[in-house]
Amino acid sequence: MMATRESAIAAALEFFDAGKFRERLSDLVAIPSTSQDPGHAPDVRHYLEGATGPWLERMGFSVQVHPNPLPGNGPILTAERIEDPARPTVLTYGHGDTVRGLDEQWDAGLRPWVLTEAGDRWYGRGTADNKGQHAINLTALEHVLAARGGKLGFNLKIVLETSEERGSKGLREFVAAHTEALKADVLIASDGPRVASHVPTLSTGTRGSFHFDLVLKLRPGGVHSGNWGGMTTDPAIVLAHAIGAICDRNGKILVRGWLPRNGMPNSVRAALAGCDMVAEGEAATIDPGWGEPGFSAAEKIYGWTSFIVLAMLSGRPENPVNAVAPDAVAHCQIRYTVDVDPAQFAPALRAHLDAAGFPEIAIEHAGIGMPASRTNPDDPWVGFVRASMENALGRRVQVIPNAGGGLPGDVFVDYLHVPLVWIPHSYNGCKQHGPNEHLLIAPAREGLAAFTGIWWDLGEK
Ligand SMILES: [Zn+2]
């Protein structure tokens, strides 16, 4: 019988429903490949050389594991399967490293390196970020290869890095040095959350992140609160007011130079029309009164700038003493889209703080964490993949102009000039960097069907 798109998807789902995908993911989760603990460097290497590398070789890829160009960071796997240079070449990406296990913090009965099914979830470190996501896509690929008698009908290149959880260290240098080998027509890959667990999502970039510290140092040490309190300046109070000058009581950013200069682009607004955000799991609430007034939740997270105080400190909270503290510091973050120039963040803040009466607050350690990236949501590749997904799933796919969080898409845009098509399989309640990380089974199953359809369609004439 001639295999069809439908039969390939049916075979992939049969594999999934028989528990075989879960088994495969269990094996990957069992490798404690955290990049945040140097003691696990052999596990990180094993993830590439002992697990994913051999799997890719079985699928006819030529595989290479390269040392990271920045010493002390994890290796990078590349693989390619070239059938016909005249056919499209797709680049896909994933990361085999995870954050720390945090073994002792998981709920009873759960452990980071053992995949555990409970209800509609698969628990385990890396199930969502990112092992489960790239494993879904490669499993889909396997089924298209089988259905097409060992052919894909297109060319595929793969980059699997292992320092993503340390800020993708070395990836930029690596891609810059391998532009010819990694040349492709489009990047299609998976990471991060859907807009809601039941909404198939396609994202064409990511927001960037920018960090800085606000620092107020007034004196060499604390002074007695009885003898000095009331007549000497309290740095914690001044810093709190300075933060209040940056962002109002309801989360509206007051440093207007941080915002998209021409407002939200029409293409972004149009893509987000009707995109309903839901808070899932026990993660957090969506507070309608928080953030830029007049915007929907989706516009705030995908189309605008956010300001977050990651941590702040004055004195010693764990051991308070009767003293006016000598200093206060706040570690801050901005999440931004390509509609803002990050070179403006520090100068705009300095001018704003000076004008607001806070010249004594210093801005230190300012810099970009991950740059922002965005492919135009109207790009033909976006339309192609969206149509393919909607065909496989029989449902509308929500296109977002960029994900809220960071991914290293900018690296592929800068050096390979590829459009970005991210198809996340997780959701915002997945606890990916804390204890109890999990992947929802239903979206994983849908992701497998969607990717089998996408890989199939890429090989069509
Ligand atoms: Zn992560």
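## Reading a zinc site and a helix pair

R166 lies in the loop between β6 (155-161) and α5 (171-177). Helices (H or I, at least four residues) and strands (E, at least two) are DSSP runs, numbered from the N terminus.

Me: What kind of model is this, and how are residues numbered?

Reply: This is a predicted model, where local features need pLDDT of at least 70, side-chain atom pairs count only at pLDDT 80 or more, and totals for chains, interfaces and linings use all residues. Residues are numbered from 1 along each chain as its sequence is written, and side-chain values use heavy atoms, with hydrogens and water left out.

Me: Is R166 buried, exposed or partly exposed, and what is it in contact with?

Reply: Buried means under 20% relative accessible area, exposed over 50%, partly exposed in between (1.4 Å probe, protein chains only). R166 has 31% relative accessibility, so it counts as partly exposed. Contact means heavy atoms within 4.5 Å. Leaving aside neighbours within four places in sequence, R166 is in contact with S35, G72 and N73. R166 and D97 are 69 residues apart in sequence, and 9.3 Å apart in space, C-alpha to C-alpha.

Me: Which protein donors does the zinc ion have?

Reply: Donors are N, O and S atoms within 2.8 Å of the metal (3.2 Å for Na, K and Ca); water is not among the atoms, so sites may look incomplete. Here they are D129 (OD), E165 (OE), E165 (OE) and H433 (NE2), 1.8 to 2.7 Å from the zinc ion. Their spacing along the chain is D-x35-E-x267-H. D129 sits in the loop between β5 (121-123) and α4 (131-147), and H433 in the loop between β18 (420-422) and β19 (438-440), 304 residues apart. D129 is buried, at 4% relative accessibility. H433 is partly exposed, at 46%.

Me: What is the geometry of the zinc site?

Reply: Four donors count as tetrahedral if all angles lie between 85 and 135 degrees; four count as square planar and six as octahedral if opposite donors are over 155 degrees apart and all others between 65 and 115; anything else is irregular. The 4 donor atoms here make angles of 53 to 137°, and the site is irregular.

Me: At what angle do α8 and α11 pack?

Reply: Axes are lines fitted to C-alpha atoms, for helices over the stretch in contact, and angles run from 0 to 180 degrees between N-to-C directions. α8 (residues 235-246) and α11 (residues 345-355) pack at about 115°, with axes 10 Å apart. A242, A245 and I246 of α8 meet L349, H352 and L353 of α11.
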